[in-house]
Amino acid sequence: MSKSIFYHAGCPVCISAEHDIVNLIGSENVEIIHLGEDHTQIQNAEKAGIQSVPALLTPNGNVLHLNFGASMADVKG
């Protein structure tokens with residue numbers, strides 16, 4: 001994996017964090033995945049260790065859980 005992946009669910013906390021991440025590391029260095037719109041990515045997020053959103057998965061596999069917006073159980077509905 002060469003880019004970070006930012007997972008979020010579209011809540012205000014997530015959107016704010018998305019803007020900050022893009023401003024900090026640049027849009028070319030991060031893939032944005034909106035789990036509320038793309039439920040097919042939930043399993044991949046959980047396999048990577050995402051427990052809540054917003055979260056950033058770094059290129060070397062570290063998960064950085066940011067300001068709590070929603071648990072994965074909430075995202076799944």
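The legends below describe an overall view and several close-up views of one predicted model.

**Figure 1. Overall view of the chain.** In this predicted model, local features need pLDDT of at least 70, side-chain atom pairs count only at pLDDT 80 or more, and totals for chains, interfaces and linings use all residues. Residues are numbered from 1 along each chain as its sequence is written, and side-chain values use heavy atoms, with hydrogens and water left out. The chain has three helices and four strands, where helices (H or I, at least four residues) and strands (E, at least two) are DSSP runs numbered from the N terminus. Their order along the sequence is β-α-β-α-β-β-α. The C-alpha trace spans about 30 × 25 × 20 Å along its principal axes. The radius of gyration of the chain is 11 Å, which agrees with the value near 11 Å for a compact globule of 77 residues; this radius is taken over C-alpha atoms, and the globule rule is 2.2 Å times the number of residues to the power 0.38.

**Figure 2. Confidence along the chain.** The mean pLDDT of the chain is 90, and 95% of the residues score at least 70. pLDDT is the predictor's confidence in each residue, from 0 to 100. Among the elements, strand 2 has the highest mean (97) and helix 3 (residues 72–76) the lowest (75). Where pLDDT is low, the predicted coordinates should not be read in detail.

**Figure 3. Strand 1 and its two partners.** Strand 1 is largely enclosed by the rest of the structure, because five of its five residues are buried. Buried means under 20% relative accessible area, exposed over 50%, and partly exposed in between (1.4 Å probe, protein chains only). S4, F6 and H8 are on one side of strand 1, and I5 and Y7 are on the other. Strand 1 pairs with strand 2 in the parallel sense over five bridges, and with strand 3 in the antiparallel sense over three bridges. Two strands pair if DSSP finds at least two bridges between them. Y7 stands opposite I33 in strand 2 and also opposite A55 in strand 3.

Figure 4. Strand 3 covers residues 52–57, and six of its six residues are buried. P54 lies in this strand. The peptide bond that leads from V53 to P54 is cis, with omega near 5°.

Figure 5. T58 belongs to the loop between strand 3 and strand 4 (63–71). With a relative accessible area of 13%, T58 is buried. Its side chain makes a polar contact with the side chain of N60 (2.7 Å). A polar contact is a pair of N or O atoms within 3.5 Å; within protein, one must be able to donate a hydrogen and the other to accept it, and residues adjacent in sequence count only if both atoms are side-chain atoms.

Figure 6. T40 sits in the loop that links strand 2 (30–34) and helix 2 (42–48). T40 counts as exposed because its relative accessibility is 62%. The side chains of T40 and D38 make a polar contact (2.4 Å). S16 is 24 residues from T40 along the chain, and the C-alpha atoms of the two are separated by 23 Å.
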